[in-house]
Amino acid sequence: MEQSTAKRRGFNFKQTLKNILRSESISLVLAFVVIVAVFSILNKNYFTSRNLISVLTSASLTGLITVGEALLLIGNHMDLSVGSTAAFSGVMAALLLQQGLPAGVTILTVVAAGAVLGAVIAFCVTQLKMSSFIATVAMQSIMRGFAFIISNGEGVLITNSTFLKMGNFKFFGLSFLTFPIFFMLLVFVLFGIILKRTRFGREIYIVGGNPVAARLAGISIKFTTYMLFIIMNVLTAIGGMILAARMNTGQPQACVGLEFDGITAAILGGVSNQGGVGSIFGAFLGLAILQGFNNGLIMLNVQSFWQNVAKGALLLLALTFDYIRQKNRQKAK
Amino acid sequence: MEQSTAKRRGFNFKQTLKNILRSESISLVLAFVVIVAVFSILNKNYFTSRNLISVLTSASLTGLITVGEALLLIGNHMDLSVGSTAAFSGVMAALLLQQGLPAGVTILTVVAAGAVLGAVIAFCVTQLKMSSFIATVAMQSIMRGFAFIISNGEGVLITNSTFLKMGNFKFFGLSFLTFPIFFMLLVFVLFGIILKRTRFGREIYIVGGNPVAARLAGISIKFTTYMLFIIMNVLTAIGGMILAARMNTGQPQACVGLEFDGITAAILGGVSNQGGVGSIFGAFLGLAILQGFNNGLIMLNVQSFWQNVAKGALLLLALTFDYIRQKNRQKAK
Amino acid sequence: QPSESSSVAEPAAPSSSAAAPSESSSEPAAPAEDIIIAGIYKAGDQQWFIGEGEAAKQKCIEMGAKDFMFIDAKMNPDTYLQALDNAITQGVSGILVCVPDQKLSQVTVDKCKEAGIPVIAADDQLLDESGEMIAPWVGIDGFAIGQAVGEWTANYAKENNMTGEDTAVLYLTMDQVSSCVPRTEGQIESWGKVFPDWPAERTFRSDYNGEQDKAYNAAAGVFTANPSIKKWIVMTPNDEGAAGATRALEAAGLDKESVVCGIGGYLAKLEFAKEEESAFKATAFINYVDVGAYSAENMMNYLLNGTEIPWEFKTPAVMITKENYKEIMKDQAE
Amino acid sequence: MSEYLRFEKICMEFPGVKALDDMSFGVNKGEIVAFLGENGAGKSTLLKILNGDYRHTSGKIFIDDKEVEFHSPNEAIKAGISVIYQERQLAPYLSVAENIFMGNPITRGGFINFKELNARAQAIIDEFGLPIRPETPVRRISVAYQQMVEIMKAYNRKADIICFDEPTAPLTDAEITILFNIIRKLKSEGKAIIYVSHRMKEIFELTDRVVVFKDGKLMGVKETSQTSEPELIKMMVGRDIGDVFNTLPRNDKIGDVVLELNNVSTEYVHDINLQVRAGEIVGFSGLAGAGRTETARAIFGADPLTAGSMTLEGKPYHPKSPRQAMDAGVALCPEDRKLEGLSLILTVRENTSQAILGDLCRMGFVNFHKEREFTAQSIKDFNVKTPSMEQKVINLSGGNQQKVVLARWMAMNPKLIIFDEPTKGIDVGAKSEIYHMICEAAKRGVAVIMISSELTEVIGISDRILVMKDGYITADIPRAEATEPKILSYAMLDKKKNQEEVAG
Ligand SMILES: Nc1ncnc2c1ncn2[C@@H]1O[C@H](COP(=O)(O)OP(=O)(O)OP(=O)(O)O)[C@@H](O)[C@H]1O
Ligand SMILES: Nc1ncnc2c1ncn2[C@@H]1O[C@H](COP(=O)(O)OP(=O)(O)OP(=O)(O)O)[C@@H](O)[C@H]1O
Ligand SMILES: O[C@@H]1[C@@H](O)[C@@H](O)CO[C@H]1O
Ligand SMILES: [Mg+2]
Ligand SMILES: [Mg+2]
């Protein structure tokens, strides 16, 4: 009997939908639906395609960060330097373009810089045995410093129209399928699949769940850790460039606290910061809830002081709700 | 023979000094000495009693936070909301004083508010099973919001001279023994002893190092966690008031990122963010290194962009140094 | 009251600019009860912008608008752009903005142009690549304000004989906030005019992030590094810096002979309200009520009557001290 | 008859598992009662209920005829109950003394009296006759001694009811002797004692009565002196298993040398020389801390060599990581399943397929169908008791966790496989299956190293037995000549001292 249940669990769409409905994520889906419903009632412009585009666009950078942080958290790490690195990447791209480099070369260079940076962090973590918390706090300070140094503290204008396409290109002329939105969704889907279905993805869970066991099971913790930080920092580099393209400027002071938005979304979406637990789909829900909520508060013209309170309260509420649901489910069984 | 060694390990000063010298902390002591030496050569006013006072004064708030975060980290938690709470406490005190409340009542009220806040966080963590990371990120947002709300975004003047003593009272008229400095040192010594020598202190290690073992041994994880967060938030409340007294104003936007300064000092001082490891003495060294370094950079008039880079680099260097030393020591065995 | 005379009222620049809807105005006159104005401010939690927003709101409602939306961009370019999109989505009639970074000017103007919504820059100008203004502006001129501070401070130093070997100038700077950089530049310039030969060895700079306790550390470090200096002349780009430097002087026992001058008024007034005089002697009062009310008035006039929006209006910088601050700040002195 | 401790109709349900079903019996003062049953039969669960760690679904517990109900381990401890868990629960960075006194340290005015604490801990250590120091942090002592600390911790509580859940699993005979003396002393002091073990020998040596569990149900209670091993096994397994070792499918064709170590040293072991041939089972014996695990880790690339060389099938073999060892065809089934073997928060499926995940993948993508098929087969082969392959491993019984680790490594089909205490916590029925599997692997030509602290097991299954002591190999004994006293004498031989004497 056990075997047959196992077999029936296929990976088709219908089944996936069913799984979601009975999964851990259901309370998040509900929370999201409630938020959308309430704001739609309170403001008629909330539930419109135009607003959806606006929310998705502003979520595009945070989305990339959320994916990267979710992967890292599952692997029992985190990266607190991505805000600085995103700013640095935008500034670096803008400066390279100003030097007359073509857009393609610029993008590749900045991505490569991101990869190197990720490798440096991974080196500190795997070889020098630092905790990723402290290594990336240090890196945050360093990269912010460099962002200011290379730009001399000023925003750097971007005029290269090819590069600016990263901010405004519309696939098939569709205004909801701009490059930032498309790329974010692509990254979610891609890493959703990688995490769930590939060997590499599985190894992230194993490494995050019990690194000692992972090593003895022949998994290279080094390789996994390097990959995780490189992925995170490449996503950050691209995200930073997309932001710069959207703003037409690389800005050294941009993205302060970006890492927290990403980590918060991931944790709200059920990713554990103790390693080994979580999914990209959950992280996406976490992101959707946070962004949908923030956007609604702005649209309702809630005073910014109260916005702070409301956001914090939302987080606590959502997690409490989730806890109660899980507890009830346990009892029900 | 073994027994006699055991007996010889008393808790006298000489022995403590010896222990330090052969302990984990030695590389930090060295790092600190090197920093002081280098800056003293570069600037003759660095190694002066006047500068010592100035460094100690600016470290006074961060010092309290470092103690609290070190305790929390050993207990496998952290509090990311203390920056907001410190600002909130300063503003709240200023407003209460403006209402004509006497200094003593004001201080007690704010301390009580801190305790309640700590209990609320502990409730979220122990009862609602949130990770302390996310619970305190939420609290950070909420408390910052309230700090702005109660002050309507404005700094609030403090004129109560008794209260202002928290900022400038000199014990025995000694200019190096102002209340902020005295209180910080007191807290270090006090919690150094509590952590090392009391039952409560040892239980923090057990709870942080192996919560299952703690529970099975009849140690109340709840009690320990509540105590840890209450201590942290009471220290924060007092620290926030001391800062407000020093500045003669309660300011809602103060202390952004304060939590990171504390956590960084603690981790640099050998406290692990995985729980169960560390000491208050180490945390103090971490604080001394960071503050001594920051102060040196200011005195050398290093450009602020480069200060960021230098601070990050120092962190990475100090930890690398520590790693190499530990590795060598292992080899030597 | 905004006194046009005291401001540098350049004649309206070429109207090629998109967001100056002055003559491209197709249907300016709108029924007042449908008008909603959005105010998007770079740091909506700062007292400055709260006051500015309140003044703008009051003016709009007074002139018959239906609503005024106050939006905080939280110094975050992304939040700012989302707020802008939002305002446009909600179909507001006019937008007042203070951008978190002036490099966001072009995007702002482009988006408003596309949606056909008039925009006025508040506080900080909207500038194109070459530094030309591309939208009407009501605001503060950081450089000029800095100049006023430099001038006042230099005169104070002269009058009090603070020129000897034991005297030094300290500029606390906020290099990471672009709008604050010209303030320091203005201070340096007018100080240099009065004291062209002021020695470089007795001129210091120290950077902080805008917070008072960081200013304290930045200043205290310089004070201890130079024990031979007994009299300090400190200029800062905001009131937090001035208050922090003042506390550091007090801690070092140097406050009696020193002088600190800031920019703002919001913390200076607290300082001036104390019985005892501190080293924080003066600040350049910049009046958020003027900026808020005047930007709103211009916008409403345009929307209601099609009146052309004046291209430029600078709120004057007035130096205030313990003696005159109540008079000048009026309500804001409370 | 009303016993001191009495269970009445205890039922316990977990999602998908009925762990205990209508369990009723009692334990007297001054009596040692054994719990016997297959892996997952519910033994540990009953102890956890007694300890207030789990809440039972229904039923009652009486102590001294009074009904009791514990909501937390703390309450149980206060009521005089002490449980030594199957999994060690220590604070790694605290000292041996502080761990022994965990939960009730010696204080004076709120301060810990370290002097007194260390002295009292030393007294207990001396009573146990162990060579460890009270000030040493527990993470620095071997697994066996950690287990002894765990036992001393419970012993020190002076409880009236003391339960041991497979205390001897990580211990060798020397410590077991110590432990039994202690338990007998407790019995003479009138304590009620529960002793859970899969080792028949121990049960007959130590206990007064045996309670037999099967699938959460009570199969019967027997006076130990009135019963026999086959009878008990039949009760718990439901069938006869006969003489385990005589029926094993022995391999008579020992092949070429697969692994050779020449003067290998690491931080912990010295001058190791050995050969293992294809189809040969080499047993490793020795006391706790003798260095067997460390030798295995060196072979598996988990610890670096400080001297010497190794060859695998005649070719130089110097793995820098377990991965390289695995790629060369070497497998190690580790000793400490919780720390080194399993990712506890992951599922049975994810844990079982770990070692051969590469073979279950196409172009980096996991073939879930194949993975499930493989896992289902392993669950069947190893008789893993779990409600589904999606169950988190943390929710399995100790023995079933061990089976998951074994299943993972057996699946790799290596040239050389090292088992470190493979039957730790495994029930008798499953044990014989595992012996069969090991022998069948040898028959297929796999070279096997088996580290075990159970002498009968090493002697019963090995072709050759190496004995270790203090990081050195002290003897190499063919099976035909192996006897327990002989092995023990080499295990206690002080080679280092001998060498020093020769040198001096
Ligand atoms: N927390 C839990 N959640 C779900 N199932 C559990 C949990 N704890 C135990 N079980 C299940 O209850 C049953 C009994 O487990 P228990 O640990 O009591 O067995 P045991 O007799 O001690 O076995 P072993 O000899 O292997 O230690 C097993 O099927 C186990 O999988
Ligand atoms: N991390 C460590 N730090 C210090 N000493 C260690 C460490 N790990 C092992 N040792 C020591 O190395 C020696 C060999 O231990 P090992 O675990 O190999 O013994 P073993 O024969 O497998 O016995 P056991 O039955 O305890 O596993 C022991 O003295 C042990 O105390
Ligand atoms: O950011 C500053 C603010 O702090 C206030 O000084 C007014 O001007 C703005 O540009
Ligand atoms: Mg068990
Ligand atoms: Mg071993």
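1. Cys261(C) counts as buried, with 0% relative accessibility; buried here means under 20% relative accessible area, exposed over 50%, and partly exposed in between, computed with a 1.4 Å probe on protein chains only. Cys333(D) likewise has 0% relative accessibility and counts as buried. The model is predicted, so local features need pLDDT of at least 70 and side-chain atom pairs count only at pLDDT 80 or more, while totals for chains, interfaces and linings use all residues. Residues are numbered from 1 along each chain as its sequence is written, chains are lettered from A and ligands numbered from 1 in the order in which they are written, and side-chain values use heavy atoms, with hydrogens and water left out.

2. A disulfide is taken as a pair of cysteine sulfur atoms within 2.5 Å. By this rule, the count over all chains is zero disulfides. Cys261(C) is in no disulfide, the nearest cysteine sulfur being that of Cys180(C), 14 Å away. For Cys333(D), the closest cysteine sulfur belongs to Cys439(D) at 16 Å, which is too far for a bond.

3. The UniProt entry, which is unreviewed, carries the annotation "transmembrane region" for residues 21-41, 53-73, 80-97, 103-125, 171-195 and 223-244 of chain A. UniProt positions are given in the numbering used here, feature names are shortened, and annotations may be inferred rather than shown by experiment. Residues 103-125 of chain A are 100% helix and 0% strand, with end C-alpha atoms 33 Å apart. Residues 223-244 of chain A are also 100% helix and 0% strand, and here the end C-alpha atoms lie 31 Å apart. Helices (H or I, at least four residues) and strands (E, at least two) are DSSP runs, numbered from the N terminus.

4. Among the five pairs of chains that touch, chains A and B have the most contacts, contact meaning heavy atoms within 4.5 Å. This interface involves 41 residues of chain A and 41 residues of chain B. Chains A and B bury about 3500 Å² between them, 80% of it on carbon and sulfur atoms; buried area is the accessible area (1.4 Å probe) that two parts lose on being put together, summed over both. Between chain A and chain B the count is zero salt bridges, a salt bridge being a side-chain nitrogen of Lys or Arg within 4 Å of a carboxyl oxygen of Asp or Glu.

5. The area buried between chain D and chain B is about 2500 Å², with carbon and sulfur atoms giving 60%. Two salt bridges are counted between chain D and chain B. Arg215(B) forms a salt bridge with Asp53(D), with the closest N and O atoms 2.5 Å apart. Chain C and chain D, by contrast, do not touch, and their nearest C-alpha atoms are 37 Å apart.

6. Chain D is assigned domain 1 (5-237) and domain 2 (257-340 + 415-503), with bounds that come from an automatic or database domain assignment. The centres of these domains of chain D, taken over C-alpha atoms, are 31 Å apart. Contact between them involves 22 residues of domain 1 and 18 residues of domain 2 of chain D. About 1700 Å² is buried between the two domains of chain D, 53% of it from carbon and sulfur atoms. The domains of chain D have two salt bridges between them. Asp336(D) and Arg88(D) meet through their side chains in a salt bridge, at 2.7 Å from N to O.

7. Glu3(D) lies in the segment before β1 (5-14) of chain D. At 4% relative accessibility, Glu3(D) counts as buried. Apart from its neighbours within four places in sequence, Glu3(D) is in contact with Gly26(D), Val27(D), Asn28(D) and Arg209(D).
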